[in-house]
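I opened a new notebook page for this structure. My plan was to look up one thing at a time and write down what came back.

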Amino acid sequence: MKEEKMTNDLKNLSFEEAMQELELVVRQLETGKVKLEDAVTAYERGVALKNICEEKLKNAKSKIDLLVIG
């Protein structure tokens with residue numbers, strides 16, 4: 001349920017917002033100064049953000065393909 005709520009919240013982000021937040025998560029994890037539990041939570045959010053970005057890119061590509069073909 002918690003994961004579903006997080007994903008729903010992320011779907012409202014624009015691609016740029018999701019990408020920016022993903023970059024922040026990566027930087028945070030790269031420091032290595034995050035407690036294990038917080039790192040796992042950040043990683044889960046990062047995966048969800050990556051999936052949202054990929055979905056938005058896929059949708060944009062589909063729209064462009066329709067315009068080029070149509």
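The entries below go from the whole chain to single residues.

**Entry 1: ground rules**

I noted that this is a predicted model, where local features need pLDDT of at least 70, side-chain atom pairs count only at pLDDT 80 or more, and totals for chains, interfaces and linings use all residues. Residues are numbered from 1 along each chain as its sequence is written, and side-chain values use heavy atoms, with hydrogens and water left out.

**Entry 2: confidence**

I looked up pLDDT, the predictor's confidence in each residue, from 0 to 100. The chain averages 92. At least 70 is reached by 89% of the residues. I then went through the elements. Helix 2 has the highest mean pLDDT, at 97. Helix 1 (residues 2–11) has the lowest, at 71.

**Entry 3: the layout**

How many helices and strands does the chain have? I found three helices and zero strands. Helices here are DSSP runs of H or I with at least four residues, strands are E runs of at least two, and both are numbered from the N terminus. The order of elements from the N terminus is α-α-α.

I also checked contacts, meaning heavy atoms within 4.5 Å. Of the contacts with a separation of 6 or more, 76% join residues 24 or more positions apart.

**Entry 4: surface**

I looked up the accessible surface, which comes from the Shrake-Rupley method with a 1.4 Å probe; for residues, only the protein chains shown count as cover. The chain total is about 5,900 Å². Carbon and sulfur atoms hold 58% of that.

Next I asked about burial. Buried means under 20% relative accessible area, exposed means over 50%, and partly exposed is in between (1.4 Å probe, protein chains only). Of the 70 residues in the chain, 19% are buried.

**Entry 5: helix 2**

I checked the length of helix 2, residues 15–31. The expected span of a helix is 1.5 Å times one less than its number of residues. The 17 residues of helix 2 should therefore span 24 Å, and its end C-alpha atoms are 25 Å apart, which agrees.

Which residues of helix 2 are buried? I listed Ala18, Leu22 and Val25. They cover an arc of only 60° around the axis, so they sit on the same side of helix 2. The arc is taken from the directions from the helix axis to the C-beta atoms. On the other side of helix 2, I found Glu16, Gln20 and Glu30 exposed. Helix 3 (36–69) is among what covers the buried residues of helix 2. Gly32 follows helix 2, and its phi is positive, near 75°.

**Entry 6: helix 3**

I ran the same kind of check on helix 3. Its 34 residues should span 50 Å at 1.5 Å a residue, and the end C-alpha atoms are 49 Å apart, which agrees. The buried residues I noted in helix 3 are Ala39, Ala42, Gly46, Ala48, Leu49, Ile52 and Cys53.

**Entry 7: the core**

I looked up the largest nonpolar core. Such a core is a set of buried Ala, Val, Leu, Ile, Met, Phe, Trp, Tyr and Cys residues joined through side-chain atoms within 4.5 Å. This one has 10 residues, including Leu10, Leu13, Val25 and Ile52. Helix 2 and helix 3 each supply at least two residues of this core. Helix 3 gives the most, with five.

**Entry 8: single residues**

I began with Leu49, which lies in helix 3. Leu49 counts as buried because its relative accessibility is 0%. Leaving aside neighbours within four places in sequence, Leu49 is in contact with Leu10, Leu13, Ala18, Glu21, Leu22 and Val25. Phe15 is 34 residues from Leu49 along the chain, yet their C-alpha atoms are separated by 9.3 Å.

Then I turned to Cys53, also located in helix 3. Cys53 counts as buried because its relative accessibility is 5%. Beyond four places in sequence, Cys53 is in contact with Phe15, Ala18 and Met19.

Is Leu29 buried or partly exposed? Leu29 counts as partly exposed because its relative accessibility is 29%. Not counting residues up to four places away in sequence, Leu29 touches Ala39, Ala42 and Tyr43. Between Leu29 and Tyr43, I noted 7.8 Å, C-alpha to C-alpha.
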